Every structure is written in C-alpha cells, then in structure tokens.
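Please look through the structure shown below with this report beside it.

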Amino acid sequence: MSGLNKIVFACSFGSEVGFGHVGRCASIAQIATQRGVETILWSDSDVGMLPPEMRNSFQKFAVGSWKEGSWPKEVVCSDCFVIDDMDSPDGDFDRFRRRMLEQKSKALLLAVDDMRQRRLGSADIVLNQEIGLRKADYSCRGDALLGVEYALLRSGLGRPSRVEWKGADNTIPVFIMIGGTDVHRLTPHVLDGLIEMKDRKISPVIV
C-alpha cells in the first residue's frame with residue numbers, strides 16, 4: 001500500500017449475492033485505514049444492510065455500479081480500484097479499463113477472483129485467496145497474489161467470542177459455513193450427506 005492515498009472498493013452485496021465480497025473488501029480497507037489510506041466503498045447495494053463493524057471499515061461511500069453509469073465524484077483521482085465481483089466476465093473489466101483511460105486515471109486495477117474461469121488481462125493485479133493455490137493461468141499486467149497468505153481477517157473475526165461446546169459426547173463436531181450466507185442454500189445438502197455417514201456420530205455446527 002506504499003504510495004497509495006485513496007483506494008476505492010467496488011462490489012455488490014445482499015440476499016442475492018451474500019456478504020462475502022464486501023467482507024473481503026472490508027478486511028483490506030481496515031488495514032489500509034490503519035496505514036493512513038482513504039477508503040471508499042462504491043456499490044449499488046444498500047450500505048444500511050451491513051453490520052456496523054463491516055460498514056465502519058470504509059470512510060466514505062459512493063452510490064452506483066462500477067459496470068455502468070458515470071463515475072461518482074468520490075471515486076475520481078483514486079490511486080487503486082479493488083473490484084470484487086465473481087460473476088462479471090473479462091469484458092466488463094476490459095470496458096472498465098477503457099473508462100479509466102477516458103478519465104485519464106492512472107490508478108492500479110486489482111481484481112479479486114474466486115473461480116479461475118477468467119483471464120483478467122485488463123487488471124494490473126489479481127488476488128485469489130483460495131486455500132493451497134500456488135499457480136493460476138491469469139494474464140494480468142502485473143502480479144497474481146495467490147493463496148491463503150493473502151487472506152486478511154477483519155478485526156471482528158480476529159477477536160471471536162468464546163462459545164462453549166454443547167455437543168453430545170462421543171460425536172465429531174463438523175463446522176459448516178458456506179460462503180458465510182449460503183445464498184445457494186447448500187447447507188441442507190451437506191446435512192443430508194452427513195446423515196448418510198452411518199458409521200460415525202456427527203454433531204453439525206452451522207454458522
């Protein structure tokens with residue numbers, strides 16, 4: 001973050017897409033703020049839905065989508081754009097790069113990726129925090145930051161409250177947290193799979 005004065009984080013969140021993307025941006029924003037960098041969340045979602053700890057990670061907010069419309073005044077003169085959008089294809093990032101050129105922006109473009117289905121050639125940096133990832137076929141202009149060592153914890157997760165285990169004796173506790181909000185409703189399928197393990201006694205812990 002050396003030399004950066006303003007970072008703009010662009011993402012959507014809510015019941016349809018979950019809160020994982022904005023949570024990841026919030027963790028980076030907290031570290032950036034500690035280092036004296038101005039942090040702005042640029043989103044077409046309702047920031048009122050965010051928990052206070054997550055919302056307070058950003059100093060300012062800009063309304064709108066990074067994929068369409070004019071740039072809000074808050075995001076102009078940014079030193080870095082962090083775009084965390086899993087479903088947008090390479091073409092959206094190509095168009096954003098062209099808009100950067102139209103705005104005469106010299107900011108870094110960092111794209112956060114999850115699925116490794118895009119090349120992200122318009123990004124300067126790609127961040128993929130997948131566990132165990134060491135190599136990926138990105139064509140970004142600069143570095144690809146790969147693996148869990150680039151995953152930051154938000155302050156709220158770094159100081160968890162103690163929870164007493166109340167599971168049954170002689171059972172195996174299984175922690176289930178799918179994308180934090182499980183927008184695709186996969187948890188019931190996981191539970192069905194655990195039920196089929198007839199030779200083991202399982203105590204699921206669902207978050």
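## Helix α1 and what follows

Helix α1 is followed by Gly 36, a residue whose phi is positive, near 80°. The model in which this is seen is a predicted one, and the values given below should be read with that in mind.

Helix α1 covers residues 20-34, and at 1.5 Å a residue its 15 residues should span 21 Å; the end C-alpha atoms are 22 Å apart, which agrees. Of the 15 residues of α1, 11 are buried, so the helix is largely enclosed by the rest of the structure.

How many strands form the open sheet, and in what order do they stand? There are 7 strands, in the order β3-β2-β1-β4-β5-β6-β7, and their pairing is parallel. At the edges stand β3 (60-63) and β7 (144-146), each with a single partner strand, so one side of each is left without a neighbour in the sheet. On average, neighbouring strands of this sheet are turned by 20° against each other, if direction is ignored.

## Strand β5 and its neighbours

Strand β5 (residues 108-112) has 4 of its 5 residues buried, so it is largely enclosed by the rest of the structure. On one side, 5 bridges join β5 to strand β4 (residues 80-84), and these two strands run parallel. Within this pairing, Phe 81 stands opposite Leu 109 of β5, while Asp 84 stands opposite Val 112 of β5. Strand β5 also pairs in the parallel sense with strand β6 (residues 125-128), over 3 bridges, and there Ala 111 has Val 126 of β6 as its bridge partner.

The strands β4 and β5 also belong to a unit that includes a helix: together with helix α3 (residues 90-102), they make a right-handed β-α-β unit.

In soluble globular proteins, nonpolar side chains tend to be buried together. In this model, the largest nonpolar core has 23 residues, and those with the most contacts inside it are Trp 42, Phe 81 and Phe 96. At least two residues of this core are supplied by each of β1 (6-10), β2 (38-43), β4, α3 and β5, and α3 gives the most, with 3 residues. Apart from this core lies another one, of 22 residues, and its members include Ile 7, Phe 13, Ala 29 and Val 112.

## Aromatic residues

A search of the whole structure finds 11 aromatic pairs.

One aromatic cluster is formed by Trp 42, Trp 66, Trp 71, Phe 81, Phe 93 and Phe 96. Trp 42, Phe 81 and Phe 96 in this cluster are also the residues with the most contacts inside the largest nonpolar core.

Methods. Residues are numbered from 1 along each chain as its sequence is written. This is a predicted model: local features need pLDDT of at least 70, side-chain atom pairs count only at pLDDT 80 or more; totals for chains, interfaces and linings use all residues. Side-chain values use heavy atoms; hydrogens and water are left out. Buried means under 20% relative accessible area, exposed over 50%, partly exposed in between (1.4 Å probe, protein chains only). Two strands pair if DSSP finds at least two bridges between them. A crossover is right-handed if, with the strands pointing away from the viewer, the path from the first strand over the helix to the second runs clockwise. Axes are lines fitted to C-alpha atoms, for helices over the stretch in contact, and angles run from 0 to 180 degrees between N-to-C directions. Rings of Phe, Tyr and Trp (its six-membered ring) pair if their centres lie within 6.5 Å; planes under 30 degrees apart count as stacked, over 60 as edge-to-face and the rest as tilted. The expected span of a helix is 1.5 Å times one less than its number of residues. A nonpolar core is a set of buried Ala, Val, Leu, Ile, Met, Phe, Trp, Tyr and Cys residues joined through side-chain atoms within 4.5 Å.
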